[in-house]
Amino acid sequence: MKNLLLVLLLGFASPAFAQSPEAKLAQLGLTLPPVAAAIGSYVDVVRVGNLLFLSGKGPRQSSGAYVTGRLGAGLTTAQGYEAARLVALLQLAVLKKELGDLGKVRRIVKVNGYVNSADTFTEQPQVINGYSDLLIQVFGDRGRHARTALGTNALPLGMALEVEMVVEVE
(Lines give C-alpha, C1' and ligand atoms only; values in the text may rest on other atoms or scores of the structure.)
Protein backbone atom coordinates (compact mmCIF):
# COMPACT_ATOMS: atom_id res chain seq x y z
CA MET A 1 0.00 0.00 0.00
CA LYS A 2 2.88 2.38 0.84
CA ASN A 3 4.47 1.73 -2.55
CA LEU A 4 1.20 2.40 -4.37
CA LEU A 5 0.78 5.67 -2.51
CA LEU A 6 4.36 6.66 -3.35
CA VAL A 7 3.84 5.85 -7.04
CA LEU A 8 0.64 7.88 -7.11
CA LEU A 9 2.26 10.85 -5.41
CA LEU A 10 5.30 10.78 -7.69
CA GLY A 11 3.09 10.37 -10.73
CA PHE A 12 1.03 13.43 -9.89
CA ALA A 13 4.20 15.45 -9.33
CA SER A 14 5.54 14.55 -12.76
CA PRO A 15 5.68 17.10 -15.59
CA ALA A 16 2.88 15.23 -17.38
CA PHE A 17 0.48 16.55 -14.70
CA ALA A 18 1.91 20.08 -14.69
CA GLN A 19 -0.34 22.88 -15.88
CA SER A 20 0.19 23.74 -19.56
CA PRO A 21 1.73 27.12 -20.45
CA GLU A 22 -1.51 28.10 -22.19
CA ALA A 23 -3.49 27.26 -19.03
CA LYS A 24 -1.07 29.33 -16.95
CA LEU A 25 -1.56 32.29 -19.28
CA ALA A 26 -5.33 31.95 -18.90
CA GLN A 27 -4.96 31.67 -15.13
CA LEU A 28 -2.98 34.93 -15.19
CA GLY A 29 -5.75 36.55 -17.23
CA LEU A 30 -3.44 37.00 -20.22
CA THR A 31 -4.10 36.37 -23.90
CA LEU A 32 -1.55 36.21 -26.67
CA PRO A 33 -1.72 39.05 -29.20
CA PRO A 34 -1.73 38.45 -32.95
CA VAL A 35 1.72 38.22 -34.52
CA ALA A 36 2.28 41.31 -36.67
CA ALA A 37 4.33 41.27 -39.85
CA ALA A 38 8.05 41.93 -39.44
CA ILE A 39 8.99 45.60 -39.84
CA GLY A 40 12.18 44.83 -41.77
CA SER A 41 14.00 42.32 -43.93
CA TYR A 42 13.97 39.45 -41.45
CA VAL A 43 11.80 36.63 -40.13
CA ASP A 44 10.40 36.33 -36.61
CA VAL A 45 12.04 32.99 -35.87
CA VAL A 46 14.72 30.69 -37.27
CA ARG A 47 14.98 27.06 -36.23
CA VAL A 48 18.37 25.34 -36.05
CA GLY A 49 18.00 21.77 -34.79
CA ASN A 50 16.07 21.97 -31.54
CA LEU A 51 16.82 25.66 -30.97
CA LEU A 52 14.59 28.57 -31.97
CA PHE A 53 16.18 32.00 -32.38
CA LEU A 54 13.53 34.70 -32.03
CA SER A 55 14.17 38.11 -33.57
CA GLY A 56 13.95 41.16 -31.35
CA LYS A 57 10.47 42.48 -30.62
CA GLY A 58 9.38 45.75 -29.08
CA PRO A 59 6.49 46.55 -26.74
CA ARG A 60 3.56 46.70 -29.16
CA GLN A 61 0.30 47.59 -27.47
CA SER A 62 -3.14 46.22 -28.45
CA SER A 63 -3.69 49.45 -30.43
CA GLY A 64 -0.68 48.54 -32.61
CA ALA A 65 1.37 51.46 -31.28
CA TYR A 66 4.66 50.82 -29.55
CA VAL A 67 5.57 51.99 -26.07
CA THR A 68 8.18 54.60 -26.95
CA GLY A 69 10.58 56.80 -25.06
CA ARG A 70 13.63 56.52 -22.87
CA LEU A 71 13.85 54.94 -19.46
CA GLY A 72 15.03 57.49 -16.94
CA ALA A 73 13.93 60.37 -19.21
CA GLY A 74 10.16 60.24 -19.38
CA LEU A 75 9.57 56.55 -18.61
CA THR A 76 9.89 55.00 -15.16
CA THR A 77 11.33 51.62 -14.30
CA ALA A 78 7.80 50.40 -13.49
CA GLN A 79 6.57 51.49 -16.93
CA GLY A 80 9.55 49.71 -18.51
CA TYR A 81 8.77 46.55 -16.53
CA GLU A 82 5.19 46.54 -17.88
CA ALA A 83 6.46 47.21 -21.41
CA ALA A 84 8.80 44.22 -21.07
CA ARG A 85 5.80 42.04 -20.13
CA LEU A 86 4.13 43.15 -23.38
CA VAL A 87 7.21 42.03 -25.31
CA ALA A 88 7.17 38.65 -23.55
CA LEU A 89 3.55 38.13 -24.64
CA LEU A 90 4.48 39.01 -28.22
CA GLN A 91 7.36 36.54 -28.19
CA LEU A 92 5.11 33.85 -26.71
CA ALA A 93 2.68 34.51 -29.57
CA VAL A 94 5.56 33.97 -32.04
CA LEU A 95 6.41 30.69 -30.29
CA LYS A 96 2.78 29.57 -30.33
CA LYS A 97 2.51 30.36 -34.05
CA GLU A 98 5.72 28.45 -34.78
CA LEU A 99 5.09 25.43 -32.54
CA GLY A 100 1.30 25.24 -32.31
CA ASP A 101 1.64 24.36 -28.63
CA LEU A 102 3.73 26.14 -25.98
CA GLY A 103 4.04 22.78 -24.22
CA LYS A 104 6.73 21.92 -26.80
CA VAL A 105 9.09 24.41 -25.14
CA ARG A 106 11.78 22.51 -23.24
CA ARG A 107 13.65 25.52 -21.93
CA ILE A 108 14.05 29.25 -22.38
CA VAL A 109 17.81 29.34 -22.94
CA LYS A 110 18.88 32.96 -23.40
CA VAL A 111 17.27 36.39 -23.35
CA ASN A 112 18.91 39.58 -24.61
CA GLY A 113 17.19 42.80 -23.57
CA TYR A 114 18.01 46.25 -24.91
CA VAL A 115 16.60 49.22 -23.01
CA ASN A 116 16.36 52.69 -24.56
CA SER A 117 17.98 54.55 -21.67
CA ALA A 118 18.99 58.00 -20.52
CA ASP A 119 22.73 58.29 -19.92
CA THR A 120 22.35 58.03 -16.15
CA PHE A 121 19.74 55.22 -16.10
CA THR A 122 21.13 52.02 -14.57
CA GLU A 123 18.03 49.91 -13.88
CA GLN A 124 18.00 47.93 -17.14
CA PRO A 125 17.93 44.60 -15.25
CA GLN A 126 14.82 45.64 -13.32
CA VAL A 127 13.11 46.61 -16.59
CA ILE A 128 13.92 43.31 -18.31
CA ASN A 129 12.72 41.48 -15.19
CA GLY A 130 9.23 42.16 -16.53
CA TYR A 131 10.03 39.85 -19.44
CA SER A 132 11.87 37.24 -17.36
CA ASP A 133 9.28 37.14 -14.58
CA LEU A 134 6.47 36.45 -17.05
CA LEU A 135 8.40 33.59 -18.67
CA ILE A 136 9.01 32.05 -15.25
CA GLN A 137 5.31 32.43 -14.35
CA VAL A 138 4.31 30.66 -17.57
CA PHE A 139 6.97 27.94 -17.79
CA GLY A 140 8.14 27.52 -14.20
CA ASP A 141 11.75 26.34 -13.99
CA ARG A 142 11.80 25.80 -17.78
CA GLY A 143 11.42 29.58 -18.05
CA ARG A 144 14.57 30.40 -16.07
CA HIS A 145 17.25 31.57 -18.49
CA ALA A 146 20.61 33.19 -19.00
CA ARG A 147 20.20 36.88 -19.75
CA THR A 148 21.75 40.15 -20.80
CA ALA A 149 20.14 43.53 -20.04
CA LEU A 150 21.84 46.46 -21.74
CA GLY A 151 21.17 50.16 -22.06
CA THR A 152 21.24 51.77 -25.47
CA ASN A 153 20.79 55.34 -26.68
CA ALA A 154 18.21 54.56 -29.38
CA LEU A 155 16.04 51.75 -30.73
CA PRO A 156 14.00 51.37 -33.93
CA LEU A 157 10.83 53.50 -34.02
CA GLY A 158 11.84 55.03 -30.68
CA MET A 159 10.76 51.84 -28.85
CA ALA A 160 11.39 51.80 -25.11
CA LEU A 161 12.99 48.36 -25.31
CA GLU A 162 13.60 45.37 -27.54
CA VAL A 163 14.07 41.75 -26.51
CA GLU A 164 15.26 38.66 -28.37
CA MET A 165 15.55 35.09 -27.13
CA VAL A 166 16.76 31.58 -27.79
CA VAL A 167 14.45 28.67 -26.93
CA GLU A 168 15.07 24.91 -26.80
CA VAL A 169 12.12 22.89 -28.15
CA GLU A 170 11.15 19.24 -28.56
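Exposed, in these notes, means over 50% relative accessible area, and buried means under 20%. I'm working from a predicted model.

**Entry 1: L157**

I started with L157, which sits in the loop between β6 (146–152) and β7 (161–169). Buried or exposed? L157 has a relative accessible area of 56%, so I put it down as exposed. I then checked its backbone: phi is positive, about 60 degrees, although L157 is not a glycine. I flagged that because most residues other than glycine have a negative phi.

**Entry 2: the whole chain**

Next I zoomed out. I get four helices and seven strands for the protein chain. Going along the sequence, I read the order as α-α-β-β-β-β-α-β-α-β-β. The C-alpha trace spans about 65 × 30 × 30 Å along its principal axes. How much of the chain is buried? I noted 37% of the 170 residues. I also looked at contacts with a separation of 6 or more: 81% of them come from residues 24 or more positions apart.

**Entry 3: α3 against α4**

Then I turned to a helix pair, α3 (residues 77–99) and α4 (residues 124–139). Their axes are 7 Å apart, and the helices pack at an angle of about 45 degrees. That angle makes α3 oblique to α4. I also looked up the handedness, and α3 passes α4 in a right-handed crossing.

Who makes the contact? On the α3 side I listed T77, G80, Y81, A84, R85, V87, A88, L89, Q91 and L92. From α4 come Q126, V127, I128, N129, G130, Y131, D133, L134, L135, Q137, V138 and F139. Sorted by class, the contact has 13 nonpolar, seven polar and two charged residues.

**Entry 4: E22**

Last, I picked E22, which lies in helix α2 (residues 21–27). Its relative accessibility is 22%, so I have E22 as partly exposed. Which residues does E22 touch, leaving aside its neighbours within four places in sequence? I found K96, D101, L102 and G103. For L102 I have a distance too: the side chain of E22 reaches the backbone nitrogen of L102 at 2.8 Å.

I also took a C-alpha distance from E22 to G158. The two residues are 136 residues apart along the chain, and their C-alpha atoms are separated by 31 Å.

**Recap**

From the predicted model, I keep L157 as an exposed residue with a positive phi, α3 and α4 as an oblique pair, and E22 as a partly exposed residue in contact with L102, among others.

Methods. Residues are numbered from 1 along each chain as its sequence is written. This is a predicted model: local features need pLDDT of at least 70, side-chain atom pairs count only at pLDDT 80 or more; totals for chains, interfaces and linings use all residues. Side-chain values use heavy atoms; hydrogens and water are left out. Axes are lines fitted to C-alpha atoms, for helices over the stretch in contact, and angles run from 0 to 180 degrees between N-to-C directions. Helices (H or I, at least four residues) and strands (E, at least two) are DSSP runs, numbered from the N terminus. Angles under 35 degrees count as roughly parallel, over 145 as roughly antiparallel, 65 to 115 as roughly perpendicular and the rest as oblique. A crossing is left-handed if the near helix is turned anticlockwise from the far one by less than a right angle, and right-handed if clockwise. Contact means heavy atoms within 4.5 Å. Ala, Val, Leu, Ile, Met, Phe, Trp, Tyr, Cys and Pro count as nonpolar, Asp, Glu, Lys and Arg as charged, and the others, Gly among them, as polar. Buried means under 20% relative accessible area, exposed over 50%, partly exposed in between (1.4 Å probe, protein chains only). A polar contact is a pair of N or O atoms within 3.5 Å; within protein, one must be able to donate a hydrogen and the other to accept it, and residues adjacent in sequence count only if both atoms are side-chain atoms.
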